[in-house]
Structures are given as structure tokens and as C-alpha cells.
Amino acid sequence: MSTYNFKVLEKKWSPVWESMDLYKTGDDPDKSNFYCLDYFPYPSGAGLSVGHCRNYIPTDVICRKKRMDGHNVLHPMGWDAFGQPAEEYAIKTGMHPAEVTGLNTENYKRQMKLFEAGYDWSREINSSHSDYYRWTQYFFLLLFDRGLAYQSDNFQMYCPNCRIVLSNEESAGGICWRCSGEVVKKRLPQWYFKITDYADRLLDELDDIDWPENIKAMQRNWIGRSHGAEVVFTVDTEENGKINLPVYTTRIDTIFGATFCVLAPEHPELRRITTEKYGKDVEEYIRASCAKTDLERLVASEKEKTGIFTGAYAVNPFNGEKIPVWIADYVLAGYGTAAIMAVPAHDERDHAFARKYNLPIIEVIAPGGVPQGVEEEATAADGELINSGQFTGLSSEESRGVMAAFAEDNNFGKAETRYRIRDWLVSRQRYWGAPIPIIHCEKCGAVPDRNLPVVLPDVISYEPDDSGRSPLAACEDWVNTTCPECGAPAKRETSTMAGFACSSWYFLRFASPHCANAPFDPEEVKKWLPVDLYVGGAEHAVMHLIYARFWTKVMYDAGMLDFTEPFTCLKNQGMLISYDHQKMSKSKGNVITPDEMVVKYGADALRLYIIFMGPFEAEIEWSEEGLAGTYRFVKRIWNLFLETADLKEIETDKTFDKELRYELARTTKKVTEDMDGFQFNTGVAAMMEFLNFLSASRGKAASAADSWRKAQKEFLTVLAPAAPFVTEELWHALGFGGENETIHTQSWPEWVEEDLVKDTVEIVVQIKGKIRDRISVPAGASREEIEKIALSREKIQDYLKGSVPRRVIVVPGRLVNIIG
């Protein structure tokens, strides 16, 4: 019997599978289609770690099983190659970003092949190639033509470390998503996509897709739809007359408790309402506030609220009361109207502010009809309105609609729905990205450049400067052009698109990656899309995932697609933590690569360990001891199957034959259901249990030779998606396939339901709650029969030492509990 040598098997079978195009996308019209897609990877210089394998190996296992189930499978791979890291490396080394990404993609591809990730490489795409990004530019113009792309000069979130403008999603919490540094605000002209026009659909249609609830919750929170009312407070000024201060609130039921208003330091009317007496203090406060990030302001406000009185008073239109107007940096300009009505009795932030500055606190909501007393703390609960004029006695829920209607009838407000989501800032003042296909003409304005692709030119320096200009601005020969509409001298847009633009449609390109005259072939998209299974991390819940949904809906509205959601089912793998209990990081020196593990243990062992280590969604810590365990498992299969390859048949042991068929059917059923349900770890555990059974029964193998051989064949078949090399070799060595056949195109085994019916069942015997024995009894045995068999066991008699049990509890099919 030969010794297991994974290196020999890998060297032997990889080229065989490649020559037979094993992973080529199926096109049998009689088969159903299955499209499985991994997140579009950015090829970094660090290469793949074993953490990446938690994404790529499970999807490969699923796709292999789907082929065996009789599906045409599309499982492609490509590269989200534009991006800042390649540009930063180019700045440091002078190497062109295209050369950097080329080296990185080749390394990624080599590593994926190392652990035999079965992609259809004939469909490989690269977002930094002009034959791809010409269509990204095409979609930019589609949005532009539909009024969904526009340019605006405004304060932007800017990372001074990366010297790049960030979208709201990329700067959540005031932190740069790439470098984790704090961001600042900088006024720059930028391009936006009007994702806000699709806010309701993005929210409502989440109910139509099979996604993890936490991802749906993150998107719902980010979209942030709230139902409330806008109420207009007014300020009478000597110089500027009456000035309106619209306030958005979801708690109009508390408006009679509003004792002051607060404006954000960025409020456009702030200086016009501020009186001369307080002008200097207000200006100093504005300067100090604008020097802080939103995160700094929020964190500081948790410790202590600060503010300045403006000298102005606003009239509450519901009761005519004049209330003071303050400026405070805990009110942010990015949400609502940049102004709030402060109700200290029923809002904790307002309560703290009122206590600090001795402002009135008036209770207007009585939960359960009982006033709570609010001098010491606010009560935010709904209840019955008190001290609220004609609305006193109404419930909070009832009053909101009534009071909003009252405001609208009297022309000082209306019911309104607001959203937290803001338009998608898509332009970047960086080099390595898809150029925005717009030409600026003094006469015609922003004009689409439909001569695509607008090719990214070579530049002398890739480094952006502190002015906010893109490195492309220095390419005068490229920048200076003529207007497509009037022919006058004009200039190209020098910003490039954020990388998320390229990844917002790549799933469509894979259906027909070589289509030259359109972004995709509509017939191929109808055949394959939407994606059946999409797999990746949860970190892009409010970036890539929401952007891709937005673009898909735009294309649907444009008549290009017949579906509105790109990904039918989404799965998020858990993080793989390194041996030092930290996230794997090159800077920490704790990265484990698939290269070193495959060299040491082989691809099959690594693949098995990745799917066996724990639930797919769980955060797991890497253990090389665990990998050594799956290596031993593979070796045991090799040794046992070759040892029992040539059985000399003897008289059939019908009892063992039935038991063997039962264990095989049970294992096949369990593995099938677990693989289909993404419960890989329990599926592998079931295969390990079956191997233990076979190993313990090897002495009986010849007494059930036909069933044993069937068990070998079907066990190898269900194991094949997870361990392709050892199963292929054993399948051929045991004579199950011809020279030009492969185990990986065999049909997935079906279990025989009759084999799952057992003549006997195993029952645990406990004494005083501790397991002392296991007995086999007829499946239909009565309680009395089971008790008799248990008490007759020699092992049980030894424990009882001749005493008669006080009580025996029998649970048929499960246990016998003897109470002494």
C-alpha cells in the first residue's frame, strides 16, 4: 500500500483538471443555472491570508456540490484593481499602479490555485482595464442623463492622511475607513449620485431578499427613514426682518415643552439672527466648532454640553411663546434642518443643556397619564399630553397626526418624512481610478464625453497635493480639449471615480465578460442574474452592498434589467483571528498564509479545516493543531480505503450489512442537508463519525463486501467538494472511474429512505445521572423489555452490587436512568 503524499496528488491532478476545463461555466440547456459570486477582491501587495480562505473555500465547496447536483454553475473571479493602496505604493516606489496591480493579481491567482479554488478563469475581469472601465463611465453617463449625477461645491469629509475626499459611508463616525484617522471638512467641488431618490425603494425592498438580518438592520439604520413634522419657528430681527427657522421633529407631541431652540454652528441663518451684543462670542464659537470633526463634537458633547446664546428669540407657533435661540455643537448640520426645538423635559441631551444654563423645563407628556417629575432627569416615553393647550388629553401617538395636520392647516408646518442617507459622493482627487467622462465648457457647462473610454493618461507624479486637485490636473495635453457640443476650447474633469463605482456592476459583466459593444449581453444576464449566492464580509453593508443595489434599480428603471435586486441570497463569513487573538495584519507580523499551510499539510487538509473550524458566520481563532487534525483525518481515509480495497467475499453478515447501509444513508443525508444549509462544520463532523464507524468495522468489511464498496464510493463522492485531491486519487485507485472520468462530475449520491429504518436502537444507561453503559434494544421494545435488558447487563450489576434499584426511569429510544 502506497504512503499518502499530498504533494504528488496535487502535482498530478491540478493539470488534469485544467486540461479538461473542469471549472468552465456550464451551458447545458436542460440544466438549471446557479450563479455563485465572491465579493470583488482588491489585490493588495500582502497577498491572501488563511482568513481570505474562509470566503473562497466554502464557495468553491458549494459550487462543486451544485455541479454534482446537476446545475450549470457560474463561479467567476476578477479584480477590483483601482484604489488608493496601489497608488500609495506607486508614490513611494515610482512603479506605475498598473504594474503593481498586475503583480498583485497574479499572486492572488497563484494562491487561489494553490488551494484549488475552482474559478472559471476564462471570465476573469479587471476594473482598471479600459475595456472594463469604459462601461463604468457609460453608467456614470446613464446616471447623468437621468438626472442622478450632479456636481456641487460644498464642505466635504476629507482625510488629511490619505489626502482624499470621502463619502459619508467612508467617513462614518468621523473616521477614515482606510487609515482609521480622523477626518476634517474641506470645501471642494465634487460629483454626487442621487441615491437619496431611491431611499424608499432601497429600504422597502430589503424585505424581498434573503440576507442576514444584521445587514438589513445596518442598511435600514443608514437610510434612516423617520416620520415626523417640520414646524417653522420665526425670529423677528431689527436688521433682517422676520426669519424662518424650520425645525424637523419626530416628537411634535412634545412641542409645548420646547423652552429653547438650538442651531448648528453651520446654520445658514445663524449670523443674521445673532444680535450685536453676542456676535463676537458666537463667531468664536463657530470657529472653534468648525475646527472639530463631527466625531469630536459628539464625543465631547457626551461629557459636557457647550453653547452660546445668540441674543435672538424664536416664536413657537403652537403657543406663541418666545423662546431663546442658542448655538451648540451637539447639533450637526448633516441631518434634519440644522436646528432643533429643545424639549428638556423629554430629551436627555436637552435636559443636560437646560440644567447647565438654567433654562426652563416644562413637563408635557405623562406616561400612563401620571406626571413623572422631570427636574432631575428627562422622560422620553410616550404618554398622555398635559400642559399642551387644546391637545391636552390626547395620547402621544394620536396627537402626532392631529398636530401635524393643525400645523399644515395654519401654514406653519406639515407632516414630513426625512432620511439619514445622503447623496453618494463619488469623485476622488486621486490618479488611480476611472476618469469621470465630463468636459467643462464655459458656454455649455458640464458636457458628457461619449467618446468612451476616456483613457487614464500617464502622469509624472501620482501624488495629490494639499490644494485638493487631482494629479490629472497637471496633464495639460490631456485636460485641454474641445467641447463636444459647441467645439470651443474646454477642459476635462480631472477627478476620478471612487472604486465603489466599478464594483457596483461587476456582477453583471461576468455573465458576458467579452461583450465588446455593451456592458453586458442582455440574454446572458437574463440567463444568470440575479446572483443566487453572494458571499463576503459584513464590512461593506452600507457601502458596496447599498451602492450595487442602487445601480441595479437605476438600470431596471432604464429598461436594461428585469430585476431590481442584484443578490438573492447573501452570506457573511466570520472573521478568522490569528494565533495571538488579534486580527491578522502585516504590521503585527501575525499573518498566516495559505502558501505555508499547503506546503506543510496539503490543500485538502487546509480546505477541510477551513470549513470544519466552526460555524461559517462565527468569529474563529486560527489553530494549527486543528489543521493537523484534518490532515490526520485525510491520512486515515487514505490508509483505510486502500487497506480494504481488495476484499475477499465471505458469507454475508446481514446484521452488519444493514447497520452499514444505515450509517451510510444517515451520513449522506446529514452531509447533504448541512452542505446545502451552509453548515459545513457539522457536515464534516458527520463524515468523521462515519470514518470512525468504518475504521471500527474494518474486520467485518468482507462480510458486507458490496455495501462496503458502495459506502467507499459514496463517501468519497460527498467528501470530494471539500477534499478534491485525495478523493480523485482514491476514486480511481479503487476502480470507480475510467481514465478520462473524474469524481467531480459524478452525480451527488441519494440516500435510501428504507435504510434509515433501524431494527435496533442504542440507548444510554445512567446510574445516579452518570452514563455507565450503552445497550442495543429492538426498535419497538416496550419499557419493561428495555428495563429488563438494562438490569441484566453485567456492567450494571457490578455498579449495583446486588442492591435493588428504588426506581428505574425508561425513556424509549433515548435512555434508562437507574436510581439506586
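**Close-up views of salt bridges and a helix pair**

**Figure 1. Glu524 and Lys527 are three residues apart in helix α16 (residues 522-528), so about one helical turn separates them.** The model shown in every view is predicted. A salt bridge joins Glu524 to Lys527, and their closest N and O atoms are 3.3 Å apart. Lys527 has a relative accessibility of 39% and therefore counts as partly exposed. In general terms, side chains of opposite charge can pair when their charged atoms come close.

**Figure 2. A salt bridge connects the side chains of Asp557 and Arg201, with an N to O distance of 2.8 Å.** Asp557 belongs to helix α17 (residues 544-557), whereas Arg201 belongs to helix α6 (residues 199-204), so the pair ties together parts that are 356 residues apart in sequence. Asp557 has a relative accessible area of 31% and is partly exposed. Arg201, at 25% relative accessibility, also counts as partly exposed.

**Figure 3. Lys553 and Glu565 meet through their side chains in a salt bridge of 2.7 Å, N to O.** Distant parts of the chain are linked by this pair: Lys553 is in helix α17, and Glu565 is in the loop between α17 and β25 (570-571), 12 residues apart. Are these two residues buried or exposed? Lys553 counts as buried, because its relative accessibility is 0%. Glu565 is likewise buried, with a relative accessible area of 9%; the cut-off for a buried residue is under 20%.

**Figure 4. Arg201, Glu205, Arg549, Lys553, Asp557 and Glu565 belong to one network, joined by salt bridges that share partners.** The network includes both residues of the pair Asp557 and Arg201, whose side chains form a salt bridge. Lys553 and Glu565, which also meet in a salt bridge, are members as well.

**Figure 5. Helix α18 (residues 594-601) packs against helix α19 (residues 603-612) at an angle of about 120 degrees.** The axes of the two helices are 7 Å apart. At this angle, α18 is oblique to α19. Which residues meet where α18 and α19 are in contact? From α18 come Pro594, Met597, Val598 and Tyr601, and from α19 come Ala603, Ala605 and Leu606. Sorted by class, this contact has seven nonpolar residues, with no polar and no charged ones.

Methods
Residues numbered from 1 in each chain as written. Predicted model: local features only at pLDDT ≥ 70, side-chain atom pairs only at ≥ 80, totals over all residues. Heavy atoms only, no water. Salt bridge = Lys/Arg side-chain N within 4 Å of Asp/Glu carboxyl O. Helix = DSSP H or I, 4+ residues; strand = E, 2+ residues; numbered from the N terminus. Buried < 20%, exposed > 50% of the residue type's maximum accessible area, 1.4 Å probe, protein only. Axes fitted to C-alpha atoms, helices over the stretch in contact; angles between N-to-C directions. Parallel < 35°, antiparallel > 145°, perpendicular 65-115°, else oblique. Contact = heavy atoms within 4.5 Å. Nonpolar A, V, L, I, M, F, W, Y, C, P; charged D, E, K, R; others polar.
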